[in-house]
Amino acid sequence: STPLCSKLNTEWVTLNVGGKYFTTSRSTLMTKEPMSMLARMFAEGDNGFIMTPSNVDRNGAYLIDRSPTYFEPILNYLRNGQLIFDNNVNPEGILEEARFFGIESLVPQLESLIQSSQRSRDNVPLT
Amino acid sequence: STPLCSKLNTEWVTLNVGGKYFTTSRSTLMTKEPMSMLARMFAEGDNGFIMTPSNVDRNGAYLIDRSPTYFEPILNYLRNGQLIFDNNVNPEGILEEARFFGIESLVPQLESLIQSSQRSRDNVPLT
Amino acid sequence: STPLCSKLNTEWVTLNVGGKYFTTSRSTLMTKEPMSMLARMFAEGDNGFIMTPSNVDRNGAYLIDRSPTYFEPILNYLRNGQLIFDNNVNPEGILEEARFFGIESLVPQLESLIQSSQRSRDNVPLT
Amino acid sequence: STPLCSKLNTEWVTLNVGGKYFTTSRSTLMTKEPMSMLARMFAEGDNGFIMTPSNVDRNGAYLIDRSPTYFEPILNYLRNGQLIFDNNVNPEGILEEARFFGIESLVPQLESLIQSSQRSRDNVPLT
Amino acid sequence: STPLCSKLNTEWVTLNVGGKYFTTSRSTLMTKEPMSMLARMFAEGDNGFIMTPSNVDRNGAYLIDRSPTYFEPILNYLRNGQLIFDNNVNPEGILEEARFFGIESLVPQLESLIQSSQRSRDNVPLT
């Protein structure tokens, strides 16, 4: 059980994304895509974190001015390396966030997914 | 990382839209459509903000008596310039809010979207 | 900007409908259908409000023992005069609440909507 | 307005069902199916309530270790006597809760509903 | 009513899964699959719980860095032994969580469910 414990003992952060709270670990935000803007937001610079305390709300959550709905699958991707989302979620919204946060490995995956779903819609026979 | 920091250091506001909280920056509300009613609600007048403290709830959030469900895609549009919403969301609800908040650039986009979806529904062959 | 200000300065109320909070103004609850039960709940009687403080929760919200899911389109209707709801929402649930709260103008609209959707389902050819 | 007042003055209870809060009245929980397990949980025994204070969370809500998603239509049924749920909700989840809470009048209604939806799915012609 | 009481008197735990709260009992987490990672997280070791207080948020909830959306059907399965989820929920997301938490009995069930839904999608005739 040591690996579990050590994983759980990492530093926890809470993000306030557009008004909704997400709790995760700094290692989740930084490990999968270390050069992404999201990772760099939580990297330690010479003078501590790049995100300064002025960007923290009264509950201690880091403020991010983006859509919570489309951030959720991005965060899950960083947790487990899989892009998974529910039927009713619009992949174009996820693509927009992947680009904003600089999660480069997700961008081509989402682009081809959007293209193929558009093609199958266009394929419907005319009545 | 300077542009990121300066962007994040803008003034944060929390809106209580019909009972649901949205956190964003004043610049998001004011930059994309500066003449909209929403932008003017957060513009500074001669005597400070136009929205006076009497319209703030006990958590310091600005009270707006509108639908939270349909405000969400409006706010995302102001954040990234894209109109994106999930399959199950009714675009007529978004149109209603775009009109109320005076987000003029969204109105024709939503109107043509609603018209084309009605046309495709009417096109279904009779049984 | 005077009409906006005066509108925003109306009295705010928070409703706890079945456990979910809705924030709105008393004028929204009372203007559209002044004779509805919902309007009368917030009308001032000879001895103040009809709803007495014993029906208020610890956050100061008025307690209403009904479905929050189906109350939402009702409240939006009172805000903007339009009946709009998402694809996955069951109109029979909204009808039940419209009847309970006495929003009479919504009842025939919902009834014909439910009937026509049942007719189109019955029209599907047998296999 | 007397019947409304007397109804609203009943005792309010808040339930924490699997982490989500539901606010309702004890009369809603006890009137429709007085012999159900749910009703008996809030019945007064010789020594006060059967649910003892140890089952109350720090907000004073009664703890119930069940699914909040599928409890919602059950509670609405107890409020207004109608089984109504949205398109995307799985009736098998509601049936499971109806059985757990002992809401006997809902069980056959849900069972026949599940059977007929399975039959219509099986009826799809083979390709 | 003794079995009900004794069941309700078990120890309650609140989990903060990715920012969303779930309330359940330790027995629910440990009974159905005692050897799962989830059960072992709440098992008592020689020196108390394996999950140490450093993994608890300011509300006393145990922090778990995973998707709340897909944890919900997992928790319901542990409560009642049934895998039930709504139409719009992606079973691949549930599978990912079942694997992470080590709920072995769910894995083959979800795998065959995903395979058969893919097969039926592939079976659609070409136009």
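This tour visits a sheet in chain B and then a helix pair in chain C of a predicted model.

**First stop: the sheet of chain B**

Begin by selecting strands β1, β2 and β5 of chain B, which form an open, three-stranded sheet with mixed pairing. Read across the sheet, the order is β2-β1-β5. Colour residues 20-25 and 62-64 of chain B next: these are β2 and β5, the edge strands, each of which pairs on one side only. Viewed along the sheet, neighbouring strands are turned against each other by 30 degrees on average, direction ignored.

Which residue of β5(B) stands opposite Val17(B)? Displaying β5(B) shows that the residue is Ile64(B).

**Second stop: the helix pair of chain C**

Move to chain C and select α4 (residues 68-80) and α5 (residues 91-101), whose axes are 8 Å apart. The two helices pack at an angle of about 70 degrees; because angles of 65 to 115 degrees count as roughly perpendicular, α4(C) and α5(C) fall in that class. Where α4(C) passes α5(C), the crossing is right-handed.

Finally, show the side chains at this contact. From α4(C), display Tyr70(C), Phe71(C), Pro73(C) and Ile74(C), which meet Gly93(C), Ile94(C), Glu97(C), Ala98(C) and Phe101(C) of α5(C). Coloured by residue class, the contact comprises seven nonpolar residues, one polar and one charged.

Key:
Residues numbered from 1 in each chain as written. Chains lettered and ligands numbered in written order. Predicted model: local features only at pLDDT ≥ 70, side-chain atom pairs only at ≥ 80, totals over all residues. Heavy atoms only, no water. Pairing = 2+ DSSP bridges. Helix = DSSP H or I, 4+ residues; strand = E, 2+ residues; numbered from the N terminus. Axes fitted to C-alpha atoms, helices over the stretch in contact; angles between N-to-C directions. Parallel < 35°, antiparallel > 145°, perpendicular 65-115°, else oblique. Left-handed = near helix turned anticlockwise from the far one by under 90°. Contact = heavy atoms within 4.5 Å. Nonpolar A, V, L, I, M, F, W, Y, C, P; charged D, E, K, R; others polar.
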